[in-house]
Amino acid sequence: MPSKKMTARRFPTRELLLCAMFAALTAAGAFLRIPLPLAPITLQFFFCAMAGLMLGAKWGALSQALYVLIGLCGVPVFTFGGGFGAVLSPTFGFLIGLVPAAFFIGLLSRGGTVSFWRVIAACMAGLAVLYLVGVPYLALIQNAYLGKGLSFWSLLRGGMLIFLPGDALKILLCAVLAPILHRRVKL
């Protein structure tokens with residue numbers, strides 16, 4: 001008969017519930033949006049970052065992978081709906097990028113006290129990962145698949161630069177909330 005400790009490791013109910021919660025929050029963040037020409041401003045990155053900060057690398061990334069998987073299965077949780085056809089959407093690369101972004105944020109924010117500056121650094125690194133995945137995917141779909149012929153500067157401006165002020169506010173909010181939540185909620 002397995003011990004109680006062994007059973008808890010095999011079925012990490014708490015972690016699975018938190019993963020589902022952050023997947024749901026990321027889905028909700030997709031619908032809080034400001035439309036722009038290439039991609040809307042949403043709160044998806046905020047919830048992705050909070051997942052990494054609160055759950056750590058493994059569970060944070062898993063929560064975002066769950067979100068993407070749910071959308072690919074046809075549940076309309078993306079800003080543009082859902083289904084496997086989402087793969088051909090120019091902004092799908094940003095959705096894929098949420099997974100490694102949450103992983104790196106969780107990885108870089110752990111291993112010590114969760115402080116304001118540590119959260120800022122971790123979230124900035126995670127945001128860089130998000131853009132390293134999302135912008136090239138945006139370029140690939142816009143230019144190779146849709147034949148738009150957008151310049152590098154147009155893609156960079158419309159797919160990243162316009163979002164940086166809002167991303168800075170999201171990171172600042174994470175840096176304020178995460179240390180408080182870590183002290184009050186034992187995750």
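In this report, buried means under 20% relative accessible area, exposed means over 50%, and partly exposed lies in between, computed with a 1.4 Å probe on protein chains only. By that scale Leu164, at 34% relative accessibility, counts as partly exposed.

A word on the basis: this is a predicted model, where local features need pLDDT of at least 70, side-chain atom pairs count only at pLDDT 80 or more, and totals for chains, interfaces and linings use all residues. Residues are numbered from 1 along each chain as its sequence is written, and side-chain values use heavy atoms, with hydrogens and water left out.

**Around Leu164**

Leu164 sits in helix α7; helices here are DSSP runs of H or I with at least four residues, numbered from the N terminus. Leaving aside residues up to four places away in sequence, Leu164 touches Leu127 and Tyr131, where contact means heavy atoms within 4.5 Å. Its C-alpha atom is separated by 27 Å from that of Leu72, 92 residues apart along the chain.

**The nonpolar core**

A nonpolar core is a set of buried Ala, Val, Leu, Ile, Met, Phe, Trp, Tyr and Cys residues joined through side-chain atoms within 4.5 Å. The largest one has 50 residues, and Leu53, Tyr67, Val119, Cys123 and Cys174 have the most contacts inside it. Helices α2 (13-31), α3, α4, α5, α6 (152-159) and α7 each supply at least two of its residues, with the largest share, 13 residues, coming from α3. Beyond four places in sequence, the contacts of Tyr67 include Ala23, Gln44, Phe78 and Leu98.

**The cavity**

A cavity is a set of points on a 1 Å grid over the protein atoms alone where a 1.4 Å probe fits but cannot get out; its lining residues have an atom within 4 Å of a point. Grid points are joined across faces, edges and corners, and a volume is the space filled by probe spheres set on the points. The structure holds one cavity of 30 Å³ or more, and about 290 Å³ of space lies in the largest cavity. Of the 20 residues lining it, the closest to its centre are Ala39, Pro40, Thr42, Gln44 and Phe94.

**Cysteines**

With a disulfide taken as a pair of cysteine sulfur atoms within 2.5 Å, the count comes to zero.

| Cysteine | Nearest cysteine sulfur | Distance |
|---|---|---|
| Cys48 | Cys123 | 8.7 Å |
| Cys73 | Cys19 | 16 Å |

Cys48 is buried, at 0% relative accessibility, whereas Cys73 is exposed, with a relative accessible area of 63%.

Technical notes
On a 1 Å grid over the protein atoms alone, a cavity is a set of points where a 1.4 Å probe fits but cannot get out, and a pocket is an open set with protein on both sides within 12 Å along at least five of seven lines; lining residues have an atom within 4 Å of a point.
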